[in-house]
Protein chains: 2
Amino acid sequence: MPKTSEAPRVVIVGGGFAGLAVCRALARRPVAITLVDRQNHHLFQPLLYQVAMAGLSPADIAIPIRAVLRRQHNARVLMAEAVGVDFERRQLRLHDGEALGYDYLVVAAGASTNFFGKERSWGVHSLGMKSLEDALEMRRRVLLAFEAAEREPDADARRRLLTFVVIGGGPTGVEVAGALGELSHFVLADDFRAIHASDARIVLIEAGPRLLAGGFDAELAERARDQLGELGVEVRLNTRVEDISEGRVHLKDETLEASTVLWTAGVQGRRLATLLGAPLDRTGRIVVEPDCSVPGHPEVFAIGDIAAFVPSGQDQPLPGLAPVAMQQGRYVARAIVDRIAKRSVGPFRYVDKGIMATVGRSRAVAQTGKLKLSGFAAWVMWLVVHIWFLITFRNRLLVVFGWFYNYVLYARGARLITGEGSWRSLSELADEAAGRAGAPDEVVHR
Amino acid sequence: MPKTSEAPRVVIVGGGFAGLAVCRALARRPVAITLVDRQNHHLFQPLLYQVAMAGLSPADIAIPIRAVLRRQHNARVLMAEAVGVDFERRQLRLHDGEALGYDYLVVAAGASTNFFGKERSWGVHSLGMKSLEDALEMRRRVLLAFEAAEREPDADARRRLLTFVVIGGGPTGVEVAGALGELSHFVLADDFRAIHASDARIVLIEAGPRLLAGGFDAELAERARDQLGELGVEVRLNTRVEDISEGRVHLKDETLEASTVLWTAGVQGRRLATLLGAPLDRTGRIVVEPDCSVPGHPEVFAIGDIAAFVPSGQDQPLPGLAPVAMQQGRYVARAIVDRIAKRSVGPFRYVDKGIMATVGRSRAVAQTGKLKLSGFAAWVMWLVVHIWFLITFRNRLLVVFGWFYNYVLYARGARLITGEGSWRSLSELADEAAGRAGAPDEVVHR
């Protein structure tokens with residue numbers, strides 16, 4: 001690509017909340033921005049669990065990055081994988097060998113599911129949820145379990161098919177378990193003929209003594225637990241997962257037989273973090289300076305879920321939330337402008353406006369400052385905040401209609417099973433649950 | 001599953017327009033219906049090309065069959081693959097060995113892409129469009145071609161990436177080529193920085209002397225051709241495809257280099273048709289009796305795209321259109337009721353209410369009786385008819401909003417590239433177009 005400008009080159013890795021915030025905050029500045037992402041879309045990650053639980057469609061919560069930046073003429077978008085950084089030459093290396101020169105680099109590549117070193121065992125037998133593909137696979141597996149159960153004559157096998165274990169009692173685990181509770185009660189009520197609501201069992205497992213640790217008030221965590229109970233979710237606290245094998249979750253004194261195991265127990269910085277040679281915390285996130293820069297490289301910033309930012313005077317890094325990512329993004333944009341103008345840059349300060357988690361339709365917990373809400377009021381607040389962000393984020397009016405449709409009218413338009421060979425997976429799932437050998441392989445028509 | 005009723009058992013294979021029409025027309029009748037489909041969703045097939053061209057989301061045109069039949073208590077739905085029929089015992093065999101007994105069987109399994117015996121060559125190098133998965137793959141490939149072109153420094157390779165060949169000048173080919181013309185002109189105008197509208201080339205190839213043969217008036221076919229020309233689509237008539245290889249379409253005197261080849265040139269009855277032992281036409285469709293039954297088996301009906309119904313006094317079977325399928329479905333429902341009541345059944349008669357095809361936003365052709373329309377008037381008619389069907393089909397108000405949003409506001413919310421390893425495909429695509437060997441395999445972070 002011909003160099004059209006001698007403006008400082010800002011390269012951003014990642015089109016999530018953090019990366020886009022930097023990019024948009026630099027819209028009217030004399031810089032030449034290149035945003036690199038492996039995906040062509042920005043994902044509204046706080047609602048990803050809604051796609052996984054068939055409440056919303058992918059297009060409701062994802063938007064092409066090009067569409068967001070269409071009119072921002074100082075930015076170009078490359079769909080590519082960043083595989084390394086040459087700090088000497090100030091170049092970002094891409095998967096195809098291309099090297100992108102930068103004056104400022106912002107690493108905002110996000111996080112991936114953390115199976116704590118057991119990717120090849122636990123990671124195979126349970127499903128994580130960090131990308132749209134993950135969420136679609138979760139949707140497919142959950143819906144297929146119901147389909148297989150409807151056809152399953154054996155009661156034990158049916159019980160295994162309709163047992164869902166959610167591992168991890170953080171906000172994502174609570175939201176997934178709640179949505180699953182609603183989905184199963186709602187779906188089972190009308191859609192199926194042979195299975196009943198009482199057949200479905202949802203177990204939420206948390207190793208610690210409470211839900212929603214790290215951010216939420218203990219009292220609200222209790223409210224969330226009560227609300228999950230109303231939706232039929234069994235919450236097990238102080239329960240450590242010893243092992244996960246095919247269709248089984250092994251606890252200390254018990255083995256849960258469940259054909260669907262959902263994993264929300266941890267995230268880690270994406271592998272790009274390990275390539276920078278910077279200090280990482282134990283979850284693989286880059287430990288950054290007070291100005292969000294990578295130690296030793298003041299022109300390189302790491303923000304969002306890939307970074308561990310520990311505010312001065314505290315011992316815990318900021319949580320992996322969209323507001324943190326967006327505030328860091330805007331801060332880094334200002335920092336770059338100040339650096340270019342040779343002005344000094346103060347440290348980043350996170351303004352905590354509150355935290356919330358939804359447990360289902362009309363159930364949620366929220367806290368902001370000293371205000372603590374649970375139940376319907378919290379849910380309305382959650383709805384307003386999320387719709388507000390989606391709208392400002394872009395003219396996604398459609399989402400509001402989609403929400404209205406799904407939430408108020410209680411429809412489930414996105415309840416599609418897609419992916420090649422869905423019916424074959426169905427068959428395998430049923431055989432597995434029933435402990436049968438493979439079905440006769442009489443596949444004939446496509 | 002326990003037998004809950006001694007009512008006559010009606011088994012329907014396929015939840016498309018034909019199968020659902022039978023099922024819903026039997027809603028208040030004393031029959032026990034089982035609808036079998038490999039997918040969990042009904043597909044509004046006339047708009048499938050919109051998903052393929054990123055105009056609509058899958059959930060906009062697909063709806064879970066269970067949702068459609070939720071309140072129809074005489075019907076149950078099985079997600080399964082039908083693999084054969086035992087006419088003696090009156091049983092439908094499923095992929096997992098289950099045998100479903102029937103008193104009446106309706107085979108409405110639809111059609112699949114017909115590569116005319118070249119599935120393993122042409123079928124590999126071009127993309128068909130009969131299922132949601134097909135459409136999503138088409139969308140992925142088309143969008144990836146633009147992404148790869150944006151990053152491609154070599155002009156020849158860029159031209160290959162931005163050349164799209166659509167094979168088949170029937171309604172689907174015309175609609176796909178038109179939507180692609182709009183997509184490329186629209187997308188290129190705003191979204192990309194390195195590629196331009198003039199770089200994109202869309203070629204529509206038809207073996208016959210005119211577009212839209214078999215149904216449309218010759219004059220309207222000319223209008224469609226003009227409208228395609230306005231959108232920058234090159235239409236080649238009387239052009240036979242000799243061969244398709246990797247990235248190449250071989251014509252008699254010329255080879256088109258195109259990284260994306262879309263195939264809409266034919267359909268055939270699904271393989272289930274061949275298992276019935278009934279006479280098939282040359283496209284593998286079951287040749288049926290005047291009452292839509294399978295010859296020799298008055299209790300078995302074949303309708304919709306899997307059947308070839310030749311009206312008396314004519315030599316061509318009815319076209320594979322939703323109205324044909326729906327009318328046949330309602331007819332067969334009546335026929336079953338009449339058979340049960342031992343009343344005689346007259347032959348099926350198709351009432352042709354017209355035919356239409358859209359070429360893009362505000363461009364279409366339509367004919368009904370002697371009325372022939374093209375351009376904006378035809379497009380409005382097309383829109384009204386399709387929205388009408390979608391609404392009656394179910395309370396899919398959302399679709400109307402989606403349409404409004406996409407068509408009137410010209411947004412492209414569904415322009416998502418999903419599927420594991422998208423960026424890797426991107427890399428392969430670029431290498432292929434540039435004639436390079438594989439890129440260095442430095443995949444690091446997930």
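Mentor: Val10(B) sits in strand S1 of chain B. Keep in mind that this is a predicted model.

Trainee: Is Val10(B) buried or exposed?

Mentor: Count the other C-beta atoms within 10 Å of Val10(B): there are 27. A residue with 20 or more passes the cut-off. Val10(B) is therefore buried.

Trainee: How far apart in space are Val10(B) and Ile336(B), C-alpha to C-alpha?

Mentor: Leaving aside residues up to four places away in sequence, Val10(B) touches Leu26(B), Val31(B) and Ile33(B), among others, and Ile336(B) is also one of its contacts. In sequence, Val10(B) and Ile336(B) are 326 residues apart. In space, their C-alpha to C-alpha separation is 8.7 Å.

Trainee: In S2(B), which residue is the bridge partner of Val11(B)?

Mentor: S1(B), residues 9-13, pairs with S2(B) in the parallel sense over five bridges. Together with helix H1 (residues 17-25) of chain B, these two strands make a right-handed β-α-β unit. Within S2(B), the bridge partner of Val11(B) is Thr34(B).

Trainee: And in S5(B), which residue is the bridge partner of Ile33(B)?

Mentor: S2(B) also pairs with strand S5 (residues 75-79) of chain B, in the parallel sense and over five bridges. The bridge partner of Ile33(B) in S5(B) is Ala75(B).

Trainee: Moving to chain A, at what angle do H1(A) and H10(A) pack?

Mentor: Two packed helices are described by the angle between their axes and the distance between the axes. For H1(A), residues 17-25, and H10(A), residues 322-340, the axes are 7 Å apart. H1(A) passes H10(A) in a right-handed crossing. The packing angle is about 35°.

Trainee: How many nonpolar residues does the contact of H1(A) with H10(A) have?

Mentor: From H1(A), the residues involved include Phe17(A) and Val22(A), which meet a set in H10(A) including Met326(A) and Arg330(A). By class, three residues of the contact are polar and one is charged. The nonpolar residues number 10.

Trainee: Is Leu212(A) buried or exposed?

Mentor: Leu212(A) belongs to the loop between strand S12 (201-205) and helix H9 (218-230) of chain A. Its phi is near 50°, a positive value in a residue other than glycine. With 25 other C-beta atoms within 10 Å, Leu212(A) is buried.

Note on methods: Residues numbered from 1 in each chain as written. Chains lettered and ligands numbered in written order. Predicted model: local features only at pLDDT ≥ 70, side-chain atom pairs only at ≥ 80, totals over all residues. Axes fitted to C-alpha atoms, helices over the stretch in contact; angles between N-to-C directions. Helix = DSSP H or I, 4+ residues; strand = E, 2+ residues; numbered from the N terminus. Left-handed = near helix turned anticlockwise from the far one by under 90°. Contact = placed C-beta atoms within 7 Å. Nonpolar A, V, L, I, M, F, W, Y, C, P; charged D, E, K, R; others polar. Pairing = 2+ DSSP bridges. Right-handed = clockwise from strand over helix to strand, strands pointing away. Buried ≥ 20, exposed ≤ 12 C-beta atoms within 10 Å, placed from the backbone.
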